[in-house]
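Dear colleague,

Please find below the structure that I am passing on to you. My findings follow it, and I would be grateful if you would read them alongside the model.

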Amino acid sequence: MALLNRPSGAYPDDVPDTLFQSVDEAAGRLKLLFVVEKELLRLSAGYLPAVEDWELKKRLTVHVWQDARRADFIRKRTLELRFPRKDVDARTASQRAVMKAAQELLGCRGDAEFATGVYLVWKRACLQGYETYLSLTDPLLDEPTAEPLTRFVSDLSGQIAEIEGLLHRLYRDKPDMNPLAAGWERHCVAALLEVSAQASEDFGSRLTRPGQGAQEDTVENRKPYSPPAVPVRDSRFTPTFHHNADRRILPDDRFDEALEKKLIQGISHANEMWAAEAVGAVMWAWEDMPWDFYTDAARWLYDEGRHCRMGEQMMSRLGFETGIDYPMAGESYAALFPHGYEQLLGLLHYFESTNTKQASKEWFETAGDEDSASNLDYDWADEALHLTYGYKWLLHRLGGDSERLEALRDESARIWSEWFNERVLASPDKPYEVFRDRILRLAEAKGLLPAGGSMA
Ligand SMILES: [Fe+2]
Ligand SMILES: [Fe+2]
């Protein structure tokens with residue numbers, strides 16, 4: 001792409017004498033960055049249910065939302081710069097090649113390769129794309145772009161640094177992944193450089209091919225990705241297929257009602273990762289939705305990940321360790337997944353349209369449990385948004401037919417309660433027993449329960 005030299009003497013002396021770009025060139029660069037950001041956030045959302053490492057999973061729920069906010073800004077700014085052209089959502093052949101290469105990142109074998117390809121290769125290239133843009137643009141003429149892009153650079157650098165820190169542990173825990181990941185990283189860099197050269201943009205040109213001597217990997221013979229039927233949980237957790245801690249499962253005559261409700265609330269909240277994973281799987285599966293869908297869904301996914309972190313924080317304050325002292329599972333996702341993505345999102349929409357958060361918040365307030373009441377207060381505020389998202393986007397998928405939407409939601413609820421009755425209540429497998437014992441023992445040790453009572 002041709003660059004014009006800044007005419008001498010045209011600007012005050014304190015503006016650095018850099019190259020500058022025309023409006024059309026600026027829009028072209030931003031559009032490519034939008035294409036990349038959109039694919040990266042969609043594939044990160046889609047991979048969420050397959051991520052095993054609990055810390056990586058939680059970080060992804062935050063990053064997807066940050067990615068969506070950057071992408072949304074760039075898309076709007078591209079439209080401003082191209083006005084009256086509106087082709088920001090159209091793709092050239094070279095941009096489609098970039099999308100395809102990004103999607104191949106999901107040919108990864110597990111968390112370490114996923115994080116390596118997405119963060120160490122593609123997000124680094126994206127970061128360089130923003131830095132290059134800032135070095136070429138006039139800080140005053142293009143201030144509406146330059147000002148937020150400066151923040152995007154620190155945003156993205158922070159994401160990469162966080163995941164680099166995690167990768168040290170992932171590699172340490174799985175040393176056999178090291179040589180494989182080096183070959184994979186070489187492959188990802190090579191694939192990115194090939195498509196960025198086609199797109200004629202300075203995107204990733206400063207990346208170097210790592211792992212000299214490592215066999216360059218290939219995506220050939222790797223299966224195309226589809227989200228797992230059962231969301232993956234950390235291998236450090238005690239395995240279980242359900243988390244549901246209602247009164248039929250966690251009864252003990254020593255619990256007072258406030259403690260019982262607090263525990264049930266904390267465990268349910270911590271397990272809301274299933275909702276983030278359901279939204280993520282849908283973001284991946286529904287490829288050609290209007291742009292607003294992805295920004296709404298990214299916020300939805302982030303909120304559910306945040307509710308999960310709120311539950312974990314609450315349980316940790318009581319002294320309970322995630323996945324060890326109380327169960328972590330994604331059974332609502334697993335129960336609906338075989339019935340299709342609309343049905344899966346339909347269950348989340350059903351739960352959100354029948355929510356009792358307000359009543360629970362008031363109950364905890366009256367019981368003097370400010371901590372639980374505040375959690376529910378913020379959760380309830382988020383639910384109002386989610387209800388709108390569920391209604392709007394399911395209706396979109398169902399051609400605007402609100403009767404079909406109602407039927408879909410009811411059917412999701414029916415499938416769920418049948419699954420729960422068969423698999424949990426009527427099943428001879430009682431995976432909850434181990435957690436119930438731990439919960440009671442810990443509650444007793446922390447003085448939350450009188451010692452030596454009988455289990456009901
Ligand atoms: Fe939630
Ligand atoms: Fe929600």
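Leaving aside its neighbours within four places in sequence, with which residues is aspartate 379 in contact? The model is a predicted one, and in it aspartate 379 is in contact with His307 and Lys357, once those sequence neighbours are set aside. Aspartate 379 is placed in helix 13, which covers residues 370-397. Is this aspartate 379 buried or exposed? A residue counts as buried if 20 or more other C-beta atoms lie within 10 Å of its own; aspartate 379 has 23 other C-beta atoms within 10 Å and is therefore buried. A further relation concerns arginine 306, which stands 73 residues from aspartate 379 along the chain, while the C-alpha atoms of the two are separated by 9.2 Å.

As to the protein overall, there are 15 helices and two strands. Of its 456 residues, 41% are buried. Among contacts with a separation of 6 or more, 80% are accounted for by residues 24 or more positions apart.

In soluble globular proteins, nonpolar side chains tend to be buried together. Here the largest nonpolar core has 101 residues, and Trp122, Leu192 and Ala278 are those with the most contacts inside it.

Finally, two helix pairs involve helix 1. The axes of helix 1 (residues 23-47) and helix 2 (residues 54-82) come within 8 Å and cross at roughly 155°. Angles over 145 degrees count as roughly antiparallel, so helix 1 is roughly antiparallel to helix 2. The crossing of helix 1 and helix 2 is left-handed.

Helix 1 also packs with helix 3 (residues 93-103), at an angle of about 25° and with the axes 10 Å apart. Because of that angle, helix 1 is roughly parallel to helix 3. The crossing of this pair, helix 1 and helix 3, is right-handed. On the side of helix 1, the contact is made by Leu32, Val35, Val36, Glu39, Leu40 and Leu43; helix 3 contributes Gln95, Val98, Met99, Ala102 and Gln103.

With kind regards

Conventions: Residues are numbered from 1 along each chain as its sequence is written. Chains are lettered from A and ligands numbered from 1 in the order in which they are written. This is a predicted model: local features need pLDDT of at least 70, side-chain atom pairs count only at pLDDT 80 or more; totals for chains, interfaces and linings use all residues. Helices (H or I, at least four residues) and strands (E, at least two) are DSSP runs, numbered from the N terminus. A residue is buried if 20 or more other C-beta atoms lie within 10 Å of its own, exposed if 12 or fewer, and partly exposed in between; C-beta atoms are placed from the backbone. Two residues are in contact if their C-beta atoms, placed from the backbone, lie within 7 Å. A nonpolar core is a set of buried Ala, Val, Leu, Ile, Met, Phe, Trp, Tyr and Cys residues joined through C-beta atoms within 7 Å. Axes are lines fitted to C-alpha atoms, for helices over the stretch in contact, and angles run from 0 to 180 degrees between N-to-C directions. Angles under 35 degrees count as roughly parallel, over 145 as roughly antiparallel, 65 to 115 as roughly perpendicular and the rest as oblique. A crossing is left-handed if the near helix is turned anticlockwise from the far one by less than a right angle, and right-handed if clockwise.
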